[in-house]
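Biologist: Please show me the model, and then we can go through the terms used to describe it.

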Amino acid sequence: MKILEGKTAVITGASRGIGRAIALKFASEGANVAFSDLRYDELAESLEKEISGMGVKGKGYASDASSLQASEEFVKEVVNEFGSVDILVNNAGITRDNLLMRMSEDDWDLIMKVNLKSAFNLTKAVQSFMLKQRSGSIINMSSVVGVSGNAGQSNYSASKAGLIGFTKSIAQELGSRSIRCNAIAPGFIITEMTEKLSEEVRKGWTDKIPLKRGGTPEDVANVCVFLGSELSSYVTGQVISVCGGMNT
Ligand code: NAD
(Lines give C-alpha, C1' and ligand atoms only; values in the text may rest on other atoms or scores of the structure.)
Protein backbone atom coordinates (compact mmCIF):
# COMPACT_ATOMS: atom_id res chain seq x y z
CA MET A 1 0.00 0.00 0.00
CA LYS A 2 1.26 3.48 -0.87
CA ILE A 3 1.91 5.97 1.92
CA LEU A 4 -0.95 8.35 1.00
CA GLU A 5 -3.38 5.86 -0.51
CA GLY A 6 -7.04 6.81 -0.04
CA LYS A 7 -6.24 10.34 1.11
CA THR A 8 -7.41 13.54 -0.61
CA ALA A 9 -5.00 16.46 -0.68
CA VAL A 10 -5.72 20.11 -1.40
CA ILE A 11 -2.72 22.18 -2.53
CA THR A 12 -2.83 25.90 -3.29
CA GLY A 13 -0.68 27.59 -5.94
CA ALA A 14 0.26 24.28 -7.49
CA SER A 15 0.41 24.81 -11.26
CA ARG A 16 4.17 25.25 -11.10
CA GLY A 17 7.17 25.22 -8.76
CA ILE A 18 7.08 23.63 -5.32
CA GLY A 19 3.28 23.17 -5.37
CA ARG A 20 3.44 21.22 -8.61
CA ALA A 21 6.16 18.94 -7.25
CA ILE A 22 4.05 18.30 -4.13
CA ALA A 23 1.01 17.48 -6.27
CA LEU A 24 3.00 14.97 -8.35
CA LYS A 25 4.71 13.39 -5.35
CA PHE A 26 1.40 13.05 -3.50
CA ALA A 27 -0.18 11.42 -6.55
CA SER A 28 2.75 9.02 -6.91
CA GLU A 29 2.16 8.04 -3.26
CA GLY A 30 -1.50 7.27 -3.99
CA ALA A 31 -3.30 10.48 -2.97
CA ASN A 32 -6.11 12.08 -4.94
CA VAL A 33 -5.12 15.68 -5.56
CA ALA A 34 -7.22 18.83 -5.88
CA PHE A 35 -5.07 21.84 -6.61
CA SER A 36 -5.66 25.52 -7.19
CA ASP A 37 -3.92 28.39 -8.88
CA LEU A 38 -4.94 31.89 -9.92
CA ARG A 39 -5.85 30.64 -13.40
CA TYR A 40 -6.78 27.31 -14.91
CA ASP A 41 -4.32 27.36 -17.81
CA GLU A 42 -2.28 24.88 -19.87
CA LEU A 43 0.04 24.25 -16.89
CA ALA A 44 -2.92 23.26 -14.73
CA GLU A 45 -4.32 21.13 -17.53
CA SER A 46 -1.02 19.28 -17.99
CA LEU A 47 -0.71 18.71 -14.24
CA GLU A 48 -4.22 17.29 -14.14
CA LYS A 49 -3.27 14.87 -16.93
CA GLU A 50 -0.02 13.83 -15.24
CA ILE A 51 -1.84 13.13 -11.97
CA SER A 52 -4.62 11.15 -13.66
CA GLY A 53 -1.94 9.18 -15.53
CA MET A 54 -0.80 7.85 -12.15
CA GLY A 55 -4.16 6.18 -11.56
CA VAL A 56 -5.49 8.64 -8.99
CA LYS A 57 -7.91 11.54 -9.28
CA GLY A 58 -6.49 14.98 -10.10
CA LYS A 59 -8.38 18.22 -10.66
CA GLY A 60 -7.24 21.80 -11.02
CA TYR A 61 -9.33 24.79 -9.93
CA ALA A 62 -8.95 28.51 -10.62
CA SER A 63 -9.20 29.99 -7.14
CA ASP A 64 -7.55 32.97 -5.49
CA ALA A 65 -6.30 31.70 -2.13
CA SER A 66 -6.24 35.25 -0.76
CA SER A 67 -10.05 35.47 -0.96
CA LEU A 68 -11.99 33.83 1.88
CA GLN A 69 -15.13 33.51 -0.22
CA ALA A 70 -13.29 31.91 -3.15
CA SER A 71 -11.47 29.55 -0.77
CA GLU A 72 -14.71 28.42 0.88
CA GLU A 73 -16.28 27.79 -2.53
CA PHE A 74 -13.16 25.90 -3.69
CA VAL A 75 -13.12 23.61 -0.64
CA LYS A 76 -16.88 22.96 -0.93
CA GLU A 77 -16.42 21.93 -4.58
CA VAL A 78 -13.51 19.67 -3.64
CA VAL A 79 -15.50 17.93 -0.91
CA ASN A 80 -18.44 17.43 -3.30
CA GLU A 81 -16.13 16.00 -5.96
CA PHE A 82 -13.64 14.04 -3.82
CA GLY A 83 -15.68 13.23 -0.69
CA SER A 84 -13.14 14.43 1.89
CA VAL A 85 -10.09 16.61 2.61
CA ASP A 86 -7.33 14.85 4.51
CA ILE A 87 -4.32 17.05 3.74
CA LEU A 88 -4.15 20.79 3.11
CA VAL A 89 -0.95 22.37 1.82
CA ASN A 90 -1.01 26.17 2.06
CA ASN A 91 1.65 26.68 -0.58
CA ALA A 92 0.55 29.76 -2.60
CA GLY A 93 3.00 32.58 -2.05
CA ILE A 94 4.60 35.54 -3.80
CA THR A 95 7.40 38.06 -3.29
CA ARG A 96 7.49 41.87 -3.66
CA ASP A 97 11.06 42.51 -2.47
CA ASN A 98 12.38 45.95 -1.62
CA LEU A 99 14.18 47.77 1.13
CA LEU A 100 11.69 49.19 3.64
CA MET A 101 12.65 52.69 2.50
CA ARG A 102 11.29 51.91 -0.98
CA MET A 103 8.54 49.47 -0.09
CA SER A 104 5.03 50.67 -0.90
CA GLU A 105 2.07 50.14 1.39
CA ASP A 106 0.43 48.16 -1.43
CA ASP A 107 3.37 45.74 -1.59
CA TRP A 108 3.25 45.23 2.17
CA ASP A 109 -0.53 44.62 2.12
CA LEU A 110 -0.44 42.32 -0.90
CA ILE A 111 2.21 40.04 0.63
CA MET A 112 0.24 39.75 3.88
CA LYS A 113 -2.92 39.01 1.95
CA VAL A 114 -1.45 36.33 -0.31
CA ASN A 115 1.15 34.70 1.94
CA LEU A 116 -0.51 34.91 5.35
CA LYS A 117 -4.25 35.46 4.95
CA SER A 118 -4.51 32.66 2.37
CA ALA A 119 -3.52 30.15 5.05
CA PHE A 120 -6.25 31.54 7.33
CA ASN A 121 -8.78 31.30 4.47
CA LEU A 122 -8.06 27.71 3.46
CA THR A 123 -7.57 26.42 6.99
CA LYS A 124 -10.88 27.98 8.04
CA ALA A 125 -12.54 26.42 5.00
CA VAL A 126 -11.23 22.86 5.61
CA GLN A 127 -11.47 22.81 9.39
CA SER A 128 -15.17 21.89 9.68
CA PHE A 129 -14.63 18.89 7.37
CA MET A 130 -11.49 17.80 9.22
CA LEU A 131 -13.22 18.25 12.58
CA LYS A 132 -16.05 15.94 11.45
CA GLN A 133 -13.50 13.37 10.25
CA ARG A 134 -11.47 13.81 13.43
CA SER A 135 -8.30 13.71 11.37
CA GLY A 136 -6.27 15.88 9.04
CA SER A 137 -2.85 17.29 8.31
CA ILE A 138 -2.29 20.96 7.50
CA ILE A 139 1.07 22.04 6.08
CA ASN A 140 1.99 25.72 5.81
CA MET A 141 4.78 26.77 3.46
CA SER A 142 6.86 29.20 5.47
CA SER A 143 10.51 30.00 4.70
CA VAL A 144 13.90 30.11 6.41
CA VAL A 145 13.68 33.89 6.18
CA GLY A 146 10.55 33.73 8.36
CA VAL A 147 12.91 32.64 11.12
CA SER A 148 16.07 34.57 10.25
CA GLY A 149 14.71 37.67 8.50
CA ASN A 150 16.31 38.99 5.30
CA ALA A 151 17.28 42.50 4.24
CA GLY A 152 15.05 43.56 1.35
CA GLN A 153 12.30 41.10 2.30
CA SER A 154 10.71 42.61 5.43
CA ASN A 155 7.19 42.06 4.07
CA TYR A 156 7.88 38.48 2.90
CA SER A 157 9.80 37.53 6.08
CA ALA A 158 7.06 38.96 8.29
CA SER A 159 4.38 37.02 6.40
CA LYS A 160 6.40 33.79 6.68
CA ALA A 161 7.06 34.40 10.41
CA GLY A 162 3.32 35.00 10.78
CA LEU A 163 2.67 31.58 9.27
CA ILE A 164 4.81 30.00 11.98
CA GLY A 165 2.73 31.64 14.74
CA PHE A 166 -0.43 30.56 12.90
CA THR A 167 0.87 26.98 12.57
CA LYS A 168 1.66 26.66 16.28
CA SER A 169 -1.70 28.14 17.30
CA ILE A 170 -3.73 25.88 15.00
CA ALA A 171 -1.74 22.85 16.22
CA GLN A 172 -2.85 23.73 19.76
CA GLU A 173 -6.48 24.44 18.76
CA LEU A 174 -7.06 21.30 16.72
CA GLY A 175 -4.68 18.75 18.24
CA SER A 176 -7.33 17.18 20.48
CA ARG A 177 -9.25 16.19 17.33
CA SER A 178 -6.18 14.52 15.75
CA ILE A 179 -5.72 17.36 13.30
CA ARG A 180 -2.04 18.21 12.97
CA CYS A 181 -0.55 21.45 11.67
CA ASN A 182 3.10 21.94 10.75
CA ALA A 183 5.18 24.36 8.74
CA ILE A 184 7.99 23.78 6.29
CA ALA A 185 10.75 26.36 6.02
CA PRO A 186 12.41 25.90 2.63
CA GLY A 187 15.73 27.59 2.02
CA PHE A 188 16.92 28.43 -1.47
CA ILE A 189 14.82 26.28 -3.82
CA ILE A 190 15.25 26.49 -7.58
CA THR A 191 11.89 27.57 -9.04
CA GLU A 192 10.62 30.46 -11.15
CA MET A 193 10.42 32.48 -7.91
CA THR A 194 14.19 32.27 -7.40
CA GLU A 195 15.13 32.23 -11.09
CA LYS A 196 14.19 35.94 -11.05
CA LEU A 197 17.35 36.59 -8.96
CA SER A 198 20.66 37.51 -10.61
CA GLU A 199 23.40 34.90 -11.06
CA GLU A 200 25.49 36.78 -8.50
CA VAL A 201 22.77 36.74 -5.85
CA ARG A 202 22.10 33.05 -6.49
CA LYS A 203 25.81 32.23 -6.16
CA GLY A 204 25.91 34.24 -2.93
CA TRP A 205 23.12 32.07 -1.53
CA THR A 206 24.55 28.71 -2.62
CA ASP A 207 28.01 29.57 -1.23
CA LYS A 208 26.40 29.90 2.22
CA ILE A 209 24.67 26.50 2.02
CA PRO A 210 26.55 23.60 3.67
CA LEU A 211 25.26 21.19 0.97
CA LYS A 212 26.53 23.67 -1.68
CA ARG A 213 23.48 23.52 -3.92
CA GLY A 214 20.04 25.01 -4.19
CA GLY A 215 17.20 22.69 -3.24
CA THR A 216 14.78 21.16 -5.72
CA PRO A 217 10.99 21.36 -5.44
CA GLU A 218 11.10 17.56 -4.93
CA ASP A 219 13.29 18.03 -1.82
CA VAL A 220 10.38 20.00 -0.32
CA ALA A 221 7.72 17.61 -1.67
CA ASN A 222 9.39 14.65 0.09
CA VAL A 223 8.99 16.35 3.46
CA CYS A 224 5.35 17.14 2.61
CA VAL A 225 4.74 13.41 2.08
CA PHE A 226 6.15 12.76 5.55
CA LEU A 227 4.01 15.49 7.15
CA GLY A 228 0.89 14.55 5.20
CA SER A 229 1.13 10.86 6.09
CA GLU A 230 0.79 8.77 9.24
CA LEU A 231 4.60 8.59 9.35
CA SER A 232 4.39 11.91 11.20
CA SER A 233 1.38 11.03 13.38
CA TYR A 234 3.11 12.39 16.55
CA VAL A 235 4.45 15.56 14.91
CA THR A 236 2.47 18.80 15.22
CA GLY A 237 3.21 22.49 15.73
CA GLN A 238 6.70 22.09 14.26
CA VAL A 239 8.72 23.99 11.69
CA ILE A 240 10.83 21.70 9.53
CA SER A 241 13.62 23.37 7.58
CA VAL A 242 14.44 22.06 4.12
CA CYS A 243 17.42 24.24 3.40
CA GLY A 244 20.59 22.21 2.92
CA GLY A 245 21.75 23.34 6.36
CA MET A 246 21.55 27.04 5.45
CA ASN A 247 20.25 27.89 8.94
CA THR A 248 23.03 26.18 10.87
P1 NAD B 1 6.31 29.98 -7.73
O2 NAD B 1 6.21 31.44 -7.96
O3 NAD B 1 7.11 29.15 -8.67
O4 NAD B 1 4.85 29.34 -7.62
C5 NAD B 1 3.85 29.91 -6.82
C6 NAD B 1 2.50 29.56 -7.41
O7 NAD B 1 1.49 30.17 -6.58
C8 NAD B 1 2.29 30.12 -8.83
O9 NAD B 1 1.78 29.11 -9.67
C10 NAD B 1 1.29 31.25 -8.62
O11 NAD B 1 0.45 31.49 -9.73
C12 NAD B 1 0.50 30.74 -7.43
N13 NAD B 1 -0.20 31.81 -6.72
C14 NAD B 1 0.24 33.07 -6.44
N15 NAD B 1 -0.71 33.75 -5.81
C16 NAD B 1 -1.78 32.93 -5.67
C17 NAD B 1 -3.08 33.10 -5.12
N18 NAD B 1 -3.47 34.25 -4.56
N19 NAD B 1 -3.94 32.04 -5.16
C20 NAD B 1 -3.56 30.87 -5.72
N21 NAD B 1 -2.34 30.67 -6.27
C22 NAD B 1 -1.48 31.70 -6.25
O23 NAD B 1 6.85 29.83 -6.22
P24 NAD B 1 7.58 28.61 -5.49
O25 NAD B 1 9.03 28.91 -5.48
O26 NAD B 1 7.09 27.32 -6.02
O27 NAD B 1 7.06 28.86 -4.01
C28 NAD B 1 5.99 28.11 -3.44
C29 NAD B 1 5.90 28.46 -1.95
O30 NAD B 1 7.14 28.16 -1.31
C31 NAD B 1 5.64 29.95 -1.69
O32 NAD B 1 4.81 30.09 -0.57
C33 NAD B 1 7.02 30.49 -1.38
O34 NAD B 1 6.97 31.65 -0.59
C35 NAD B 1 7.61 29.32 -0.64
N36 NAD B 1 9.08 29.33 -0.62
C37 NAD B 1 9.79 29.26 -1.76
C38 NAD B 1 11.19 29.28 -1.71
C39 NAD B 1 12.06 29.20 -2.93
O40 NAD B 1 13.28 29.32 -2.79
N41 NAD B 1 11.51 29.00 -4.12
C42 NAD B 1 11.83 29.36 -0.46
C43 NAD B 1 11.07 29.43 0.69
C44 NAD B 1 9.67 29.40 0.60
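Modeller: H1 passes H9 in a right-handed crossing; helices are DSSP runs of H or I with at least four residues, numbered from the N terminus. The model is predicted, so local features need pLDDT of at least 70 and side-chain atom pairs pLDDT 80 or more, while totals for chains, interfaces and linings use all residues. Residues are numbered from 1 along each chain, and side-chain values use heavy atoms, without hydrogens and water.

Biologist: Why are H1 and H9 called oblique to each other?

Modeller: Their axes, lines fitted to C-alpha atoms over the stretch in contact, with angles from 0 to 180 degrees between N-to-C directions, cross at roughly 50 degrees and come within 8 Å. Angles under 35 degrees count as roughly parallel, over 145 as roughly antiparallel, 65 to 115 as roughly perpendicular and the rest as oblique. H1 and H9 are therefore oblique.

Biologist: Which residues of H1 make the contact?

Modeller: Gly17, Ile18, Ala21, Ile22, Lys25 and Phe26, where contact means heavy atoms within 4.5 Å.

Biologist: Why is glutamate 72 called partly exposed?

Modeller: Buried means under 20% relative accessible area, exposed over 50%, and partly exposed in between (1.4 Å probe, protein chains only). Glutamate 72 is at 36%, so it counts as partly exposed. Glutamate 72 lies in helix H3, residues 68-82.

Key. Helices (H or I, at least four residues) and strands (E, at least two) are DSSP runs, numbered from the N terminus. A crossing is left-handed if the near helix is turned anticlockwise from the far one by less than a right angle, and right-handed if clockwise.
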